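Reader: I would like to learn how to read a few features of a protein model, with the general idea before each case. Could we go through them one by one?

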Amino acid sequence: MALAKRIIPCLDVDNGRVVKGVQFVDIRDAGDPVEVARRYNAEGADEITFLDITASSGNRDTILHVVEQVAGEVFIPLTVGGGIRKTEDIRRLLNAGADKVGINTAAVHNPDFVREASERFGSQCIVVSIDAKRVSAAGEPLRWEIFTHGGRKGTGIDAIEWAKRMVDYGAGEILLTSMDRDGTKSGFDLELTRTISDVTNVPVIASGGVGTLDHLVDGVKKGNADAVLAASIFHFGEYTVGEAKRYMADHGIVMRL
Amino acid sequence: MSSIAVIDYGMGNLHSISKALQHVAGDAQIIVTADRQQILEADRVVFPGVGAIRDTMTELARLQLNEVVIEAARTRPFLGICLGMQALLDSSEENGGIDCLGLIPGQVRYFGDNLKDPQTNSTLKIPHMGWNQVTPSRPHPLWHGIERDHWFYFVHSYFVDPANPDHCAAEADYPSPFAAAIAQDKMVAVQFHPEKSHDSGMTLLGNFTRWNGEV
């Protein structure tokens, strides 16, 4: 017996609809978030992550209603990220039924926010999302920089140093997205995943680039990820979550089946 | 109509546990409360908890709930969850050492910073977060339908080490076996989160809502 590796379907939610873009453009509609979450839960998802990408702050409450509805009938951990800037945002999401919140841009602007949030709500519910992009030239030692605003803004901050710092500040988990791979279906950035997983003592969720079930296997076996997150392979019916879990189990990974 | 009180002492959200109880409890009334009388009038009591043990014990003392929790645990079907399990022991190593309720003899201990998976020699992360298999150590009405190797969702860095091994009701491995559940008379407490453990969790909560406290 051992702790199982997790598969986490991710729902990008814009104004109350599930959408999925390729490298943040070309958005395709993938349905009603409550319906989609219900389906993934039935298929055996280990957790579900909602990423609120609603641009207008006036429509922010939409995600609260989605979470409330899902939490009333889906009894697995729910994470919500996107647009979280204040402890009040966290409190409202937890009260709506979220178990964890993902903090990204706000952590970069004010790292103490992560400390404050983890002290107030407990590290177990604070996920720090790191969007990382390779910045090393060919032949140089590998180096990644963190980006904010959905991958549009560089920060000059080294991803490895940032991950360690966020854990020191109380992050209970790291959601690590490769901006180079996101939406490309060419697989996780395995060097990035392994590097971050090996230098931090909290669970690391690999994200960005899943196109096949072998990519999920590689994320765990070669990237040392504790969990793998994917969106489009599940949204458009290529694979069910159950198929993905069985495939990973067949490749020697401990899964909850 | 039977009633289930969920003790609300201000630690984290109780939305998940009350929704899950509603889902399995039929007509039972679910009352989320810090009121002494409401708690002690309920047929069953759930004692949840997330966060850190010092805040838990501080809030229980501030709300004068220590004696209420102890009385409820001795007199009717009672379910502690996560920190609501750890608070039942004598003391915890967390936050530099904190005295707890002392209902069950034993300590709450830290997993350690250098845990290794004995098979792969890879480092095991802290917190112990995710789905792990739970094996009951003895029969209990709460295990009905989930007798062997069912998966439950855990999030914790400290584990319960009861002084009397007879109090251990189920085990999980990380990597060594630890008490995933303890039980004594009408009281049961679990380290995992049944309210987040899909079908296995709903089975356990359903068993609790029907349990008369006899073992």
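This is a predicted model: local features need pLDDT of at least 70, side-chain atom pairs count only at pLDDT 80 or more; totals for chains, interfaces and linings use all residues.

Reader: Which form does the peptide bond from B:Ile126 to B:Pro127 take, cis or trans?

Author: As a general idea, most peptide bonds are trans, and most residues other than glycine have a negative phi. Here the bond from B:Ile126 to B:Pro127 is cis, with omega near 5°. A cis peptide bond also joins B:Tyr174 and B:Pro175, with omega about -25°, and B:Pro175 lies in the loop between β11 (168-173) and β12 (177-184) of chain B.

Reader: What is the phi of B:Cys82, and where is the place of that residue?

Author: Although B:Cys82 is not a glycine, its phi is positive, about 55°, and the residue belongs to the loop between β4 (78-81) and α5 (83-86) of chain B.

Reader: How many cavities of 30 Å³ or more does a search of the whole structure find, and which residues line the largest cavity?

Author: Rolling a probe the size of a water molecule over the atoms shows where empty space is left. The search of the whole structure finds one cavity of 30 Å³ or more, and the largest cavity has a volume of about 50 Å³. Its lining includes A:Thr49, A:Thr79, A:Val80, A:Gly81, A:Ser129 and A:Leu229. The elements that give two or more residues to this lining are β4 (48-52), β5 (78-81) and β7 (126-134) of chain A, and β5(A) gives the most, with three residues. By class, the lining residues are six nonpolar, five polar and no charged.

Reader: At what angle do the axes of helix α2 and helix α3 of chain A cross?

Author: The axes of α2 (residues 61-71) and α3 (residues 87-96) of chain A come within 8 Å and cross at roughly 30°; angles under 35 degrees count as roughly parallel, and α2(A) and α3(A) are therefore roughly parallel to each other. In this contact, A:Asp61, A:Ile63, A:Leu64, A:Val67, A:Glu68 and A:Ala71 of α2(A) meet A:Arg92, A:Leu93 and A:Ala96 of α3(A), a set that divides into six nonpolar, no polar and three charged residues.

Reader: What is the area buried between chain B and chain A?

Author: The size of an interface is often given as the accessible area lost when the parts come together. Between chain B and chain A that area is about 2,700 Å², with 58% given by carbon and sulfur atoms, while 29 residues of chain B are in contact with 37 residues of chain A. B:Lys125, B:Met129 and B:Trp131 supply 27% of the area that chain B buries against chain A, more than any other three residues.

Terms used
Residues are numbered from 1 along each chain as its sequence is written. Chains are lettered from A and ligands numbered from 1 in the order in which they are written. Side-chain values use heavy atoms; hydrogens and water are left out. On a 1 Å grid over the protein atoms alone, a cavity is a set of points where a 1.4 Å probe fits but cannot get out, and a pocket is an open set with protein on both sides within 12 Å along at least five of seven lines; lining residues have an atom within 4 Å of a point. Grid points are joined across faces, edges and corners, and a volume is the space filled by probe spheres set on the points. Helices (H or I, at least four residues) and strands (E, at least two) are DSSP runs, numbered from the N terminus. Ala, Val, Leu, Ile, Met, Phe, Trp, Tyr, Cys and Pro count as nonpolar, Asp, Glu, Lys and Arg as charged, and the others, Gly among them, as polar. Axes are lines fitted to C-alpha atoms, for helices over the stretch in contact, and angles run from 0 to 180 degrees between N-to-C directions. Angles under 35 degrees count as roughly parallel, over 145 as roughly antiparallel, 65 to 115 as roughly perpendicular and the rest as oblique. Contact means heavy atoms within 4.5 Å. Buried area is the accessible area (1.4 Å probe) that two parts lose on being put together, summed over both.
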